[in-house]
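I wrote down each cut-off where I needed it.

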Amino acid sequence: MITLHGIKNCDTMKKARAWLDARGVAYAFHDYKTQGIAPATLAAWVQELGWEALLNRAGTTFRKLPDAEKQGLDATRAMALMLAQPSMIKRPVLDLGPRRLVGFSPEAYAKALG
């Protein structure tokens, strides 16, 4: 089963959902803003993709952090931030089972699901 992880009202999420729906791709939706994210799941993503790929530094939640919390980030500190405030996780994360895609690109989705 394919799972699309993200936040319901995010514009990029809407594009990803529309793309999947238009192609009849069945998927479950996991809203990590309301449902949270399991520490083990996030740890597995960090191991697979790297925390840098998952931490949404461009988002409002990250930008509002005090500068001291943004300095000297490593995997442990980044994971703690993402677990405390899941809206700091880039979105969407498309879980295909054996691998994940971060962000939305029609080309990457077509290649992965083609």
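**Entry 1: helix α1.** I looked up which residues of α1 are hidden, and found Met-13, Ala-16, Trp-19 and Leu-20 buried, where buried means under 20% relative accessible area, exposed over 50%, and partly exposed in between, with a 1.4 Å probe and protein chains only. Helices here are DSSP runs (H or I, at least four residues), strands are runs of E of at least two, and both are numbered from the N terminus. Seen down the axis of α1, the buried residues fall within an arc of 125°, so they line one face of the helix; the arc is that of the directions from the helix axis to the C-beta atoms.

**Entry 2: what I am looking at.** This is a predicted model, in which local features need pLDDT of at least 70 and side-chain atom pairs count only at pLDDT 80 or more, while totals for chains, interfaces and linings use all residues. Residues are numbered from 1 along each chain as its sequence is written, and side-chain values use heavy atoms, with hydrogens and water left out.

**Entry 3: the partners of α1.** I then asked what the buried residues of α1 pack against, and the list is β1, β2 (28-31), β3 and α7, with contact meaning heavy atoms within 4.5 Å. After α1 comes Gly-24, whose phi is positive, near 70°.

**Entry 4: the rings.** How many aromatic pairs does the structure hold? I found two, using the rule that rings of Phe, Tyr and Trp (its six-membered ring) pair if their centres lie within 6.5 Å, with planes under 30 degrees apart counted as stacked, over 60 as edge-to-face and the rest as tilted. The ring centres of Trp-19 and Tyr-109 are 5.6 Å apart and the planes stand at 90°, so this pair is edge-to-face. Trp-19 lies in α1 (residues 11-22) and Tyr-109 in α7 (residues 106-113), so the pair ties together parts that are 90 residues apart in sequence. Phe-104 and Tyr-109 also form an edge-to-face pair, at 4.8 Å centre to centre and 90° between the planes. Trp-19, Phe-104 and Tyr-109 are thus linked by ring pairs into a cluster, and I noted that Tyr-109 has 0% relative accessibility and therefore counts as buried.

**Entry 5: helix α2.** In α2 (residues 39-49), I found Leu-42, Trp-45 and Val-46 buried. Their directions, seen down the axis of α2, fall within an arc of 100°, so the buried residues line one face of this helix. Ala-40 and Gln-47 are exposed on the face turned away from the buried side. The buried residues of α2 pack against elements including α6 (75-84) and β4 (100-102).

**Entry 6: the core.** Which residues touch the most other members of the largest nonpolar core? Leu-42 and Met-82 do, among 32 residues; such a core is a set of buried Ala, Val, Leu, Ile, Met, Phe, Trp, Tyr and Cys residues joined through side-chain atoms within 4.5 Å. The elements that give two or more residues to this core are α1, α2, α3, α6 and β3. Leaving aside neighbours within four places in sequence, I listed the contacts of Met-82, among them Leu-42, Val-46 and Trp-51.
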